[in-house]
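Open the model in your viewer and keep the selection tool at hand. We will go from stop to stop, and at each one I will say what to select and what is there.

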Amino acid sequence: MLKGKNALITGSTSGIGLGIAEGFAKEGMNLVLNGFGNAAEIEKLRADLAAKFGIKVLYDGADMSKPDQIEAMMRKAASDLGGIDILVNNAGIQHVAPVEDFPTAKWDAIIAINMTSAFHTTRMAVPYMKSKKWGRIINLASAHALVASPFKSAYVTSKHGVLGFTKTVALEVAENGVTVNAICPGYVLTPLVEMQIPDTAKARGITEEQVKRDVLLAAQPTKQFVTTEQLAGVAVFLCSDAAASITGTSIAVEGGWTAH
Ligand code: NAD
């Protein structure tokens, strides 16, 4: 049922987005990859996925903090593939600092990339989905869309915003066969998490090992990091017919974190 559908995943050169891209490729979906990284490595990734799964795989390096680049990516993807059936808003960044020291440029970048980019991709994607009477929009929010942690004011704000946006658009397109949902992961050991460990250690005055054990995994009752494969499985499920009545909601994949 998903074979031949066209999926665009922002921030899919690394981590969770890449895991979802691989999960979608296994289902036979065509892909538009996006994100930063080494050009030769990205081209190898693109070509390998296309060859291994016999699918079309495009890459667009649009910067998710730049609305004009997002618009150009959405237009090109739609014209090259004929339309985007599945949109995954995943690109995201983090910065950890007490609010009084939080760099204002970092605040602006986090809000733009984590939250506002989903508005731009979604507004460009919805008309085609409505015309086809089928579509799936999946927003990678976070457990931090449901609960807060100190020193992550911009990130927590952006993720709560994404959840509000998810609910609003879901209501707007509910009669058009289009579902809009958020996945709220707990900690996944991707570069985004690895890079915040030193800053968290500094902000809390503890060692990096203590951050992993006493901050990150302390939040997750399973004491396990969530995996990108698990998140890809949830994203594939949200695209399936079985999930056609799931819309305007969030699925927490956080090892029990928000049950505390
Ligand atoms: P990651 O750093 O491994 O990957 C982020 C991706 O976004 C990369 O492909 C990167 O190139 C891309 N990106 C960053 N800035 C961009 C920009 N301006 N324009 C285009 N692409 C850009 O991070 P990840 O952990 O895989 O995170 C993916 C999403 O999942 C984020 O929205 C993050 O907030 C969310 N999330 C992650 C975790 C976690 O524990 N890793 C938990 C909950 C939610």
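Is Thr104 buried or exposed? Select Thr104 and show its surface: at 62% relative accessibility, Thr104 counts as exposed. The cut-offs here are under 20% relative accessible area for buried, over 50% for exposed and partly exposed in between, with a 1.4 Å probe and protein chains only. Thr104 has its place in helix α4. Helices (H or I, at least four residues) and strands (E, at least two) are DSSP runs, numbered from the N terminus.

A word on the model before we move on. It is predicted, so local features need pLDDT of at least 70 and side-chain atom pairs count only at pLDDT 80 or more, while totals for chains, interfaces and linings use all residues. Residues are numbered from 1 along each chain as its sequence is written, and side-chain values use heavy atoms, with hydrogens and water left out.

**Stop: the ligand**

Select the ligand and the residues around it. 30 residues surround the ligand (a heavy atom within 4 Å), and the closest are Ser14, Asn90, Tyr155, Val188 and Thr190. From the side chain of Ser14, an N or O atom is 2.6 Å from a ligand oxygen. The side chain of Tyr155 also has an N or O atom 2.6 Å from an oxygen atom of the ligand. At Gly11 look at the backbone instead: one of its N or O atoms lies 3.3 Å from a ligand oxygen. On its own the ligand has 830 Å² of accessible area, and the protein covers 94% of that. These areas come from the Shrake-Rupley method with a 1.4 Å probe; for residues, only the protein chains shown count as cover.

Stay with Tyr155 and select Gln94, one of its contacts. Gln94 is found in the loop between β4 and α4 (104-132) and is buried at 14% relative accessibility. Leaving aside neighbours within four places in sequence, Gln94 is in contact (heavy atoms within 4.5 Å) with Ile110, Lys152, Tyr155, Leu192 and Gln196.

**Stop: the nonpolar cores**

Which residues have the most contacts inside the largest nonpolar core? Select Ile20, Phe24, Leu31, Ile86, Val88, Ile138 and Ile183, in a core of 34 residues. A nonpolar core is a set of buried Ala, Val, Leu, Ile, Met, Phe, Trp, Tyr and Cys residues joined through side-chain atoms within 4.5 Å. Colour the elements that give two or more residues to this core: β1 (6-9), α1 (15-26), β2 (30-34), α2 (39-53), β4 (86-89), β5 (135-140) and α8 (228-239). Of these, α8 gives the most, with 7 residues.

Centre on Ile138. Beyond its neighbours within four places in sequence, Ile138 is in contact with Leu87, Val88, Asn89, Asn181, Ile183, Ala235, Leu238 and Cys239. Another core, of 22 residues, lies apart from the largest one; Ile70, Met73, Ala77 and Ile84 are among its residues.

Next select Leu8 in strand β1, a buried residue at 0% relative accessibility. With neighbours within four places left aside, the contacts of Leu8 are Val32, Met73, Met74, Ala77, Ile84, Ile86, Leu87 and Val88. Leu8 and Leu87 are 79 residues apart along the chain, with 5.1 Å between their C-alpha atoms.

**Stop: two cysteines**

Select Cys184 and Cys239. The structure holds 0 disulfides (pairs of cysteine sulfur atoms within 2.5 Å). For Cys184, the nearest cysteine sulfur is that of Cys239, 16 Å away. Cys184 is buried at 0% relative accessibility, and Cys239 is buried with a relative accessible area of 0%.

**Last stop: two backbone angles**

Most residues other than glycine have a negative phi. Phe151, in the loop between β5 and α5 (153-173), has a positive phi of about 75 degrees. Phe151 is partly exposed, with a relative accessible area of 27%. Finish at Lys223, in the loop between α7 (208-216) and α8: its phi is positive, near 60 degrees, and at 49% relative accessibility Lys223 counts as partly exposed.

Notes. Polar contact = N/O pair within 3.5 Å; in protein donor to acceptor, adjacent residues only side chain to side chain.
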